[in-house]
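Welcome, and take a moment to look over the model below.

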Amino acid sequence: MRKKPFILLGVGAVVAGLAIWGFVEGRKELALEQEREKPVSVPSRVVAQDGGTALVFDADTQKRADIAVAAVHEVSQRGEIEALATVLPLQELIDLRNAYVATKSQADRAKAPMEASRREYDRVKSLHSDDRNVSDRVLEAAQATWRGDEAADRAAREALDTVERSARQKWGATLASAVADDALLFRRLSEQREVLLRVAAPAGSSTTKSPATVRLDAGDGTIRTGKLISPSPQADPRIQGPSFFYTAPVDGLLPGTTLTAYLPAGAERTGGIVPGEAVVWWQGKAWFYAQSAPDRFVRRELTGAMPVEQGWFVPGLQAIRVVVRGAQTLLSEELRAQIQVGEEGK
């Protein structure tokens, strides 16, 4: 009977040992699980250097990330000023054409009887002078008819002149003549093969001559070229500066559309052209990555740039190499490093 307490104590010890072992193993398993669930720490590729920070991508990493660079060479570009371009509706020019045709037809119709009655008057007058072969009454009647036809002809010609003067005052001599003559310029506009633009330079700008071409930016990433028609005889009421008429390819431009126009002005400047595919946008600003070393890339802001057909002209930019493919990857890596540093500082 005395052995029973010892047996109970032994069983208790075994149970306690098993409980302790289970607790220890559970803690190990929990620690292993927590270790597996910890985020994998990726080393930062951002390093500090003189003038800021740089991203370090060795040749193999650049290949895996599909990063490509290209050389930017120095070029000369004439200075430009921004102007407002508006695509004008053509209905007014079409109405002008119809008014011109109507008044021209009326003038032509009035001219024929006037010339006929004048010839008749000259004939009757000659007969009257030759021993009065016709009476005074016949002569007076012929003269009255001629004078009446002459007045009708003069009124028709004045109406036509009024239409032409009004057209020149609003559209300038070149456009007015194109409408009157149904010239190729007017036909291309009326058939919607080209659009008509009024380009208004800022008030007080130095642009007094009519640039033969103008660059147009509709904000869709496409740079269009406008060709000069003539200066406009009227200023744009919104800008109050010198205005010019240009034609441009339709390319989806609708009447009433406003574009930014770039008029050449001032002396030439030296700089570099950053391709459009090299530009990334962050915090409302444009940036590009320059290759400072074979394995290093530095982000630069696209300041003072103006859009050109090949991308962006940056005044003062010297010959460098820029990232033309994979710039977004570099920006994402740089931002990831900033987030990681911020989390470590908490």
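How are α3 and α4 oriented relative to each other, roughly parallel or roughly antiparallel? Before answering, a word on what you are looking at: this is a predicted model, in which local features need pLDDT of at least 70 and side-chain atom pairs count only at pLDDT 80 or more, while totals for chains, interfaces and linings use all residues. Residues are numbered from 1 along each chain as its sequence is written, and side-chain values use heavy atoms, with hydrogens and water left out.

Two packed helices are described by the angle between their axes and the distance between the axes. Helix α3 covers residues 91-129 and helix α4 residues 136-181; their axes come within 7 Å and cross at roughly 155°. Helices (H or I, at least four residues) and strands (E, at least two) are DSSP runs, numbered from the N terminus. Axes are lines fitted to C-alpha atoms, for helices over the stretch in contact, with angles from 0 to 180 degrees between N-to-C directions. The two helices are therefore roughly antiparallel, a label for angles over 145 degrees. By class, the contact of α3 with α4 has 23 nonpolar residues (Ala, Val, Leu, Ile, Met, Phe, Trp, Tyr, Cys and Pro), 14 charged (Asp, Glu, Lys and Arg) and 6 polar (the others, Gly among them).

Tyr121 is found in helix α3. With a relative accessible area of 10%, Tyr121 is buried, meaning under 20%, where exposed is over 50% and partly exposed in between (1.4 Å probe, protein chains only). Tyr121 and Glu140 are 19 residues apart in sequence, and their C-alpha atoms are 8.8 Å apart in space.

Now turn to two loops. Asp66, in the loop between α2 (59-64) and β3 (68-72), has a positive phi of about 55° although it is not a glycine. Asp251 also has a positive phi, near 45°, and lies in the loop between β8 (243-249) and β9 (258-275). Asp66 counts as partly exposed at 41% relative accessibility, and so does Asp251 at 48%.

The largest share of the lining, 3 residues, comes from β5.

Key:
Angles under 35 degrees count as roughly parallel, over 145 as roughly antiparallel, 65 to 115 as roughly perpendicular and the rest as oblique.
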